[in-house]
Amino acid sequence: MHRALDLAREAFRLGEVPVGCVITLEDRIIAEAFNQRELLSDPTAHAERLAISSAGRSLGTWRLDGCRLYVTLEPCPMCAGSIVLARIPLIVYGASDPKAGACDSLYRLTRDRRLNHQARTQGGVLSEECGELLSRFFQHRRHDSLSPPAGRSA
C-alpha cells in the first residue's frame, strides 16, 4: 500500500485525482498505475483499470486469479467490475468511498453471488494517509476554482 500511496502522490502532482494501484503476484509487483483521466483524456483511465491491463500484459493472460490488488481508494463500479472479470481474489484498499465505492460502501459488486467470480476485500489499510491525500487534492481544486484568473482581481 505504501507504493500505491507513492503513485497517488504522483497523480496529485500531475493534477489527477490521487489514486494509486499496485498488483502483486506472490511477493512481487507485476503492475502499477495511477489515475490518468486528464492526461489521457479518457474517462476510464482509473488506476485500477490501467494496472489490471498492465498485469494482464505482464502475465500474458487476462486471468489474474493469483494476484492481489492494492489501491488507495475503494474501487468504483467500473473498476470493481474489471476486478471481477479479471478474477482477482483479493482487494486491499485504503479510504472508503461513500459516493462511488463498489466493494463495501455503496455497492458490493465484488461479493455479489450472482456473478461468476467474487473477491474478498480488506478496507481501511493506511486509510488516514489515503483519505488525507484525497481531501488535500479536492481542497486545492476548490480553492483554485474560487480564485480569480492570474492578473485579475475578484
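Predicted model: local features only at pLDDT ≥ 70, side-chain atom pairs only at ≥ 80, totals over all residues.
Where does Cys-67 sit? Its place is in strand E3, which covers residues 67–73.

So who's around it? Leaving aside neighbours within four places in sequence, Cys-67 is in contact with Ile-23, Thr-24, Leu-25, Ile-30, Leu-59, Ile-88, Pro-89 and Leu-90. Cys-67 and Ala-86 are 19 residues apart in sequence, and their C-alpha atoms are 9.6 Å apart in space.

Some of those contacts take us to another part of the model. Ile-23, one of the residues that Cys-67 touches, stands opposite Ala-31 in E2. Strands E1 (residues 20–25) and E2 (residues 28–34) pair up in the antiparallel sense, over six bridges. The hairpin they form has two residues between the strands, and Glu-26 there takes a positive phi near 55°.

Now for Glu-48. UniProt lists Glu-48 under "active site", in an unreviewed entry. Glu-48 is found in helix H3, residues 47–59. Is Glu-48 buried or exposed? Glu-48 counts as buried because its relative accessibility is 4%, and the cut-off for buried is under 20%. Not counting residues up to four places away in sequence, Glu-48 touches Val-19, Cys-21, Leu-69, Val-71, Leu-73, Pro-75, Cys-76 and Cys-79.

| Residue | Relative accessible area |
|---|---|
| Glu-48 | 4% |

Terms used
Residues numbered from 1 in each chain as written. Heavy atoms only, no water. Pairing = 2+ DSSP bridges. Helix = DSSP H or I, 4+ residues; strand = E, 2+ residues; numbered from the N terminus. UniProt positions renumbered as here; feature names shortened; annotations may be inferred. Buried < 20%, exposed > 50% of the residue type's maximum accessible area, 1.4 Å probe, protein only. Contact = heavy atoms within 4.5 Å.
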